[in-house]
Amino acid sequence: MHHSYYIDIPLYYLDREFQCKDCGSEEVWTAKQQKWWYEIAKGDFETSTVSCRPCRKK
């Protein structure tokens, strides 16, 4: 981890499994999706995905 004054920023991303809070399906939040969320969309580093893509689209 890279240590900043405010928060630890990962140097690389790993695929992370999660269970959708809406439908219960087992999903994977890919390293590529995480990189986009944190570096392009500027998502908060303390957040992670909790819903699968189909449930987010509803």
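Predicted model: local features only at pLDDT ≥ 70, side-chain atom pairs only at ≥ 80, totals over all residues.
Residues are numbered from 1 along each chain as its sequence is written, and side-chain values use heavy atoms, with hydrogens and water left out.

**Exercise 1.** Find where threonine 49 sits and what its side chain reaches.

*Solution.* Start with the place: threonine 49 is in the loop between helix H1 (31–40) and helix H2 (53–57). Helices (H or I, at least four residues) and strands (E, at least two) are DSSP runs, numbered from the N terminus. Next, check the cover. Threonine 49 has a relative accessible area of 17%, so it counts as buried (buried is under 20%, exposed over 50%, partly exposed in between, with a 1.4 Å probe and protein chains only). Now follow the side chain: it reaches the backbone oxygen of serine 51 at 3.2 Å and makes a polar contact with the side chain of arginine 56 at 3.4 Å. A polar contact is a pair of N or O atoms within 3.5 Å; within protein, one must be able to donate a hydrogen and the other to accept it, and residues adjacent in sequence count only if both atoms are side-chain atoms.

**Exercise 2.** Is glutamine 34 buried or exposed, and which backbone oxygen does its side chain reach?

*Solution.* Glutamine 34 belongs to helix H1. Its relative accessible area is 3%, so glutamine 34 is buried. The side chain then reaches the backbone oxygen of tryptophan 29 at 2.9 Å. Beyond four places in sequence, the contacts (heavy atoms within 4.5 Å) of glutamine 34 include Tyr13, Asp15 and Trp29.

**Exercise 3.** How many salt bridges does a search of the whole structure find?

*Solution.* The search gives two, where a salt bridge is a side-chain nitrogen of Lys or Arg within 4 Å of a carboxyl oxygen of Asp or Glu. One joins lysine 21 to aspartate 22, with the closest N and O atoms 3.7 Å apart. Another links lysine 35 and glutamate 39 at 2.7 Å, N to O. Lysine 35 and glutamate 39 both lie in helix H1, four residues apart, about one turn of the helix.

**Exercise 4.** Why does lysine 21 count as exposed, and how do lysine 35 and glutamate 39 count?

*Solution.* Lysine 21 is exposed because its relative accessible area is 60%. Lysine 35, at 42%, is partly exposed. Glutamate 39, with 32%, is partly exposed.
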